[in-house]
Amino acid sequence: MTTERKRIGLQAVTLEKKVEITTGVYYLAFEKTFDFVAGQVIALSLDAEKDPRLYSIASGSQSNEIGILFDIHPDGELTPPLSQLEVGQKALMSMPFGKFIWDGEPAMWIATGTGIAPFLSMIQSQENSNITLLHGAKRQEQFYFQTLFEDKMGTNYLRFCTTESGKGLIEGRLTTYLANHDTLRKDIKYYLCGNSQMVVDVRQLLLAKDIPFDHIIAEIYF
């Protein structure tokens with residue numbers, strides 16, 4: 001996701017923690033200089049002369065850090081140098097914004113890849129007893145922060161894996177699960193976050209099952 005730097009004010013923040021979760025996938029935590037609502041995004045850059053990129057906040061709203069989760073895009077302008085940032089160094093960050101906000105009501109969350117980030121923030125920010133999370137990935141190691149979700153959600157956390165099998169994994173795509181699910185509730189909201197194709201496919205499936213359009217809230221990761 002990109003945006004014009006002229007429209008968003010950026011301030012210098014210090015990197016306080018850096019974790020390579022798996023090869024090429026990082027969780028970075030910056031000093032917290034503002035409050036935010038789980039589900040919001042920030043614009044981030046390492047160069048004031050270049051357009052920033054948008055990242056969902058991945059830390060809880062009560063945390064003392066602003067966390068982001070990303071994987072390296074080899075041809076990307078920001079993720080390769082961002083992965084080289086060291087603790088104590090500075091980045092440029094905007095104030096939080098965005099409307100991908102869970103209202104606290106019963107819902108289904110659906111994520112692939114690093115699209116789990118806003119749900120990671122939500123799960124750490126408020127109670128979630130009425131939530132089911134569908135998490136899709138190619139490999140088991142790509143279910144980022146799965147232990148946290150298992151601890152907080154139990155059997156309401158479903159992992160769909162397309163290339164591997166293992167304990168607790170559901171083999172196949174989450175879209176197949178949704179297509180074969182005949183009792184999807186029409187009175188709850190569905191929050192989708194991940195790659196654009198997943199979001200398009202899931203939206204079409206939900207609409208085909210008569211889920212109201214305004215009950216489908218999406219955040220696309222390019």
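**Entry 1: cysteines.** To start, I count a disulfide as a pair of cysteine sulfur atoms within 2.5 Å. This is a predicted model, and with that cut-off I find 0 disulfides in it.

Entry 2: I went on to strand 9, residues 157-161, where 5 of 5 residues are buried.

Strand 8, residues 131-137, pairs with strand 9 in the parallel sense, over 5 bridges. In that pairing, L133 stands opposite Y157. To get from strand 8 to strand 9, the chain passes through helix 3 (residues 146-153), and this β-α-β crossover is right-handed. Strand 9 also pairs with strand 10, residues 169-171, in the parallel sense over 3 bridges. There I noted I170 of strand 10 as the bridge partner of F160.

Entry 3: I then turned to an open sheet of 6 strands with antiparallel pairing, and wrote down its order as 4-3-6-1-2-5. Which strands are at the edges? They are strand 4 (53-56) and strand 5 (65-71), each pairing on one side only. From one strand to the next, the twist averages 45 degrees. For a closer look I picked strand 3, residues 41-45, which runs antiparallel to strand 4 over 4 bridges. I42 stands opposite Y55 of strand 4. A reminder to myself: strands of a sheet pair through backbone hydrogen bonds.

**Entry 4: T22.** I looked up T22, which lies in strand 1, residues 11-22. It is buried, with a relative accessible area of 13%. Which residues does T22 touch, apart from neighbours within four places in sequence? I found E141 and Y144.

**Entry 5: two positive phi values.** F145 has a phi near 60 degrees, which is positive in a residue other than glycine. I located F145 in the loop between strand 8 and helix 3, and it is partly exposed at 30% relative accessible area. D210 is not a glycine either, and its phi is positive, at about 65 degrees. This one sits in the loop between helix 5 (196-208) and strand 12. Is D210 buried or exposed? At 54% relative accessibility, D210 counts as exposed.

Entry 6: The chain averages a pLDDT of 93, and 96% of the residues score at least 70. Where is confidence highest, and where lowest? I noted strand 2 (residues 25-31) as the highest, at 98, and strand 12 (residues 216-221) as the lowest, at a mean of 90. Residues 1-7 stay under 50, and the model has 19 contacts for them beyond four places in sequence.

Definitions and conventions
Residues numbered from 1 in each chain as written. Predicted model: local features only at pLDDT ≥ 70, side-chain atom pairs only at ≥ 80, totals over all residues. Heavy atoms only, no water. Buried < 20%, exposed > 50% of the residue type's maximum accessible area, 1.4 Å probe, protein only. Pairing = 2+ DSSP bridges. Right-handed = clockwise from strand over helix to strand, strands pointing away. Axes fitted to C-alpha atoms, helices over the stretch in contact; angles between N-to-C directions. pLDDT = per-residue confidence, 0-100. Contact = heavy atoms within 4.5 Å.
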